Amino acid sequence: MTPTPLALSWVTHANGHRDFPLQNLPLGIFSRPGQAPRCGVAIGEATLDIEAVLAAGLFDGAAKAAAEATRGGALNAFFALGRPARVALRERLLALLGEDSEHQQVLAPLLYPASECHMHLPAKVGDYTDFYVGIQHATNVGKLFRPDNPLLPNYKYVPIGYHGRASTLRPSGTDVRRPKGQTLPAGQSEPSFGPCARLDYELELGIWIGQGNEMGQAIPIGEADTHLAGLCLLNDWSARDIQAWEYQPLGPFLSKSFITSLSPWVVTAEALAPFRCAQPPRPDGDPQPLPYLLDARDQANGAFDIELEVLLLTARMREQQLPAHRLGLSNTLNMYWTVAQLIAHHSVNGCALQPGDLFGSGTLSGASADSFGSLLEITEGGKHPVELASGEVRRFLEDGDEIILRARCVREGVASIGFGECRGTVVAAN
């Protein structure tokens, strides 16, 4: 499942690559001009065509069955096979791409420059649920609206979530059209309609579901981790002024459904294994999770140590050839609930999860201002603008602004892996 921690590939540009060394091998769906979308694997600056490798006869047994399940331009059928299929395909790819591979001459023509590959969503998402597991973000936002009671009583008992809109999930690079909607201007008693004026990003983790469950059959917490296919980056773009007017009493609606951006590569649970760790202990006085959400193994090894970064690049910064401005540097250890707890809770009422379903973690802010995951927090609702090297300031996002999310796993003695980027540029409302 895991190569030698520092093993090398004959694909030399993969060795030491920031995101995609041999130890990663994330899966995605790509296309080239004139070709239908198909499954690929990221290795360094290239994409390996899995269907072409299959046609070359380099898969057999369980790995062949797994590769065949990736056909059709979506990974749902592959996700449905679960962990054994992922392991079989991964082990064969490690052998084929390792520096001692005897198939280099056959494989070399099947590697396409990543710059020539157009990326699609990895799976057909039937359902998308956005959670709220970043307790620091929940606290920061709560303080803006309820200074004396930022966290509602259920937060530390229930993994809070809402049903999102799957139809507007889009891969990295898709433009973000500024939404229109109803807002209630300050000092007014009646709403007005027009373009959002307080457009924001949210730094989140995307969670891909592998095997599902039958309706009426809950997934036990001790087994929930086996239903995780992999992770990606997720930007839950948010129209804060629309949100403030519409969210009571049923929560986000049009303020969140206009687009959600995803990084296109699925970093598998197996690639992430070296970066698992204990779930951070809850602060003194916090309640213990109810029994259906509590598993000793999950508490000991159910968290992920993933560094998360947000960058802003404005149109003027591009013109002045300035580097992107870092807005925040956070970590998935800021999750109050584990991925397994999210899966167990989502299914506990009998809800049927399906292969290719997607969860959002919720905004993963840290404790300090330089680790916040949204402009709403950084600027305290627009009160304290961000100053940029271009001479500009930002309270919220303006047309032409590009948000870039990055993630990286780092541990001493192990090759670092990353997620690639999740990008989106704001364009004017229609």
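Which side chains does a polar contact of 3.0 Å join? The legends below begin with the residues concerned.

**View 1. Lysine 256 and its polar partner.** The side chains of lysine 256 and glutamate 202 are joined by a polar contact of 3.0 Å (a pair of N or O atoms within 3.5 Å; within protein, one must be able to donate a hydrogen and the other to accept it, and residues adjacent in sequence count only if both atoms are side-chain atoms). The model is predicted: local features need pLDDT of at least 70 and side-chain atom pairs pLDDT 80 or more, whereas totals for chains, interfaces and linings use all residues. Residues are numbered from 1 along each chain as its sequence is written, and side-chain values use heavy atoms, without hydrogens or water. Lysine 256 lies in the loop between α8 (240-246) and β16 (260-262); helices (H or I, at least four residues) and strands (E, at least two) are DSSP runs, numbered from the N terminus. At 8% relative accessibility, lysine 256 is buried (buried is under 20% relative accessible area, exposed over 50%, partly exposed in between; 1.4 Å probe, protein chains only).

**View 2. The annotated binding site.** The unreviewed UniProt entry places the feature "binding site" at Asp236, Lys256 and Thr260; such annotations may be inferred rather than shown by experiment. These residues span 25 residues in sequence, yet no two of their C-alpha atoms are more than 7.7 Å apart, so they gather at one spot. Aspartate 236 is found in the loop between β14 (228-235) and β15 (238-239) and is buried, with a relative accessible area of 0%. Beyond its neighbours within four places in sequence, aspartate 236 has contacts (heavy atoms within 4.5 Å) that include Tyr128, Glu204, Lys256 and Thr260.

View 3. The whole structure holds nine aromatic pairs (rings of Phe, Tyr and Trp, the last by its six-membered ring, with centres within 6.5 Å; planes under 30 degrees apart are stacked, over 60 edge-to-face and the rest tilted). Tyrosine 132 lies in the loop between β6 (128-131) and α6 (135-145) and tyrosine 155 in the loop between α6 and β7 (161-163), so the pair ties together parts that are 23 residues apart in sequence. Tyrosine 132 is partly exposed at 30% relative accessibility, whereas tyrosine 155 is buried at 3%. Ring pairs link Tyr132, Tyr155, Tyr336 and Trp337 into a cluster.
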